[in-house]
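Have the sequence and the 3D view ready as you read.

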Amino acid sequence: MNGLLVLFDLVLLAGIVGVAWRCLASTDLFRAVVLFITFGLLLALAWVRLEAPDIALAEAAIGAGITGALLLVTLERLRSIMAERHTGRPHTPPPDPTGPHALLRALHDPPPERRTFLPALTFALVVGGLLVTALWHQPQSTGLEPVVDAHMDVSGVDHPITAVLLNFRAYDTFLELAIVLIALLGAWSLGRHDLIPARPAPGPILPGTLRLLVPVAIVTGVYVLWAGSHAPGGAFQAGAILGAAGILLVLARPRQLPMAPGAPLRLGLTGGVALFLLVGLYGLVAGHGFLGYAEAWAYPLIILIEVAATLSIALALVALFVAGRPTGDDA
Amino acid sequence: MIANTLTIILILVGLVFFAAGTAGLLRFPDVYSRLHALTKADNVGLGLVVLGLMFQASGPADILKLLLIWVLVLAAGTTAAHMVAQRTWTHGEFESDR
């Protein structure tokens, strides 16, 4: 039985490396994106084999699913930009290779002649050698598992991963939430989006499935959020599921998407980070340290932060997918 | 014992469907026949695997969760196959950039 598992691991590893290589080496961007999604799913399997179901869930939902959708929509927009450039101005001089459009141009030109692999090979060997040396000299240690186990009773939750993420190492999670928000601010600073018209549905199948899937996704998202306190799950995974439901709606849009009202949208987007920060500051004032909780208050505070974070993550993912601030929103 | 045997048999038969579906996806000549092969793997193959796993479930909640997974994959797979087929019908076969 163990031999079979080793065989499975080896095949999985070979698959991950092979798909990653094909993804990087592909000159066809669409194929590269599809391979990237495949890579994410294989990586999620690897996390399952490493007995880290929380990371596997996050990888499958965010790494493969949402990032894949973002890359696909980016590719579609790139193509329409390229088409405009080709039909709109047929006699423009070739753009400056270092100018702002150099990237777009590079994407559309045939790849240069094959160069020598020597620098890349040397780099890979040196970095690989350093990594192997570092692993070799790793001190004998049991890791942080016993430490976490010993403090589970004061964490406020029953699932060690959630205890680490939202109590023992809360500032990591706090900064992750902040990064999602900053990414959205970056996207919003680049442009605005107009009213998004309805997309004529090709038959009744898509709207019908949507009506079936979106409520199920909402229930699943809330369940995964709730499960986070005692089993694999939590804000990021739940946020990704709810965000995926939103992205499905944006993609299929059986009717014109309403403009999101400015103030509630901003409140929802920043709610996770703001609430986390407020609780953290209160902990500082009350003498538990920044992002520390009183033991009796740990559970309700963690649940409160997780709910706000889930909403913020879901909203931010959909807003990132739509990209750009809503037009006429100058609040 | 009987449950384990049933699990193994059902999952093996399911895997046969997956293998056949994958072979069809790789070897069939056009989009419609590829979709035909693929959806068989999704629907019947996954159905058999899920049925096999139900014999290992610890309670009715697990069985229902497995059933839900199958139903969701059925709905998503059917819709995706329908949309790919419809797009091909109206726009012709998908052509990549290169």
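This is a predicted model: local features need pLDDT of at least 70, side-chain atom pairs count only at pLDDT 80 or more; totals for chains, interfaces and linings use all residues.

## An exposed glutamate in a loop

Is Glu51(A) buried or exposed? Its relative accessibility is 70%, and because exposed means over 50%, Glu51(A) counts as exposed. You can find Glu51(A) in the loop between helix 2 (29-49) and helix 3 of chain A.

Glu51(A) has another feature to look at: its phi is positive, about 60 degrees, although Glu51(A) is not a glycine. As background, most residues other than glycine have a negative phi.

## The overall layout

Now zoom out to the whole chain. Chain A has twelve helices and two strands. Reading from the N terminus, the order of elements is α-α-α-α-α-α-α-α-β-α-α-α-α-β.

How much of chain A is buried? Of its 331 residues, 34% are buried. The chain exposes about 20400 Å², and 72% of that area comes from carbon and sulfur atoms. Contacts also tell us about the fold: among those between residues at least 6 apart in sequence, 74% join residues at least 24 apart.

## The nonpolar core

Next, look inside. The largest nonpolar core has 39 residues, and those touching the most other members are Leu177(A), Trp188(A), Val250(A), Leu269(A), Phe276(A), Tyr293(A) and Ile305(A). Two or more core residues come from each of helix 3 (53-88), helix 7 (160-168), helix 8 (170-190), helix 10 (235-252), helix 11 (262-286) and helix 12 (298-322) of chain A. Which helix gives the largest share of this core? That is helix 12 of chain A, with twelve residues. In soluble globular proteins, nonpolar side chains tend to be buried together.

Leaving out residues up to four places away in sequence, Phe276(A) touches Leu166(A), Ala170(A), Thr173(A), Phe174(A), Leu177(A), Leu291(A), Tyr293(A) and Ile305(A).

## A cavity inside

The structure holds one cavity of 30 Å³ or more, and the space in the largest cavity is about 40 Å³. Which residues line the largest cavity? They are Leu177(A), Val180(A), Leu181(A), Leu269(A), Val273(A), Ser312(A), Ile313(A) and Ala316(A).

Sorted by class, the lining has seven nonpolar residues, one polar residue and no charged ones.

Technical notes: Residues are numbered from 1 along each chain as its sequence is written. Chains are lettered from A and ligands numbered from 1 in the order in which they are written. Side-chain values use heavy atoms; hydrogens and water are left out. A nonpolar core is a set of buried Ala, Val, Leu, Ile, Met, Phe, Trp, Tyr and Cys residues joined through side-chain atoms within 4.5 Å. Buried means under 20% relative accessible area, exposed over 50%, partly exposed in between (1.4 Å probe, protein chains only). Helices (H or I, at least four residues) and strands (E, at least two) are DSSP runs, numbered from the N terminus. Contact means heavy atoms within 4.5 Å. Accessible areas come from the Shrake-Rupley method with a 1.4 Å probe; for residues, only the protein chains shown count as cover. On a 1 Å grid over the protein atoms alone, a cavity is a set of points where a 1.4 Å probe fits but cannot get out, and a pocket is an open set with protein on both sides within 12 Å along at least five of seven lines; lining residues have an atom within 4 Å of a point. Grid points are joined across faces, edges and corners, and a volume is the space filled by probe spheres set on the points. Ala, Val, Leu, Ile, Met, Phe, Trp, Tyr, Cys and Pro count as nonpolar, Asp, Glu, Lys and Arg as charged, and the others, Gly among them, as polar.
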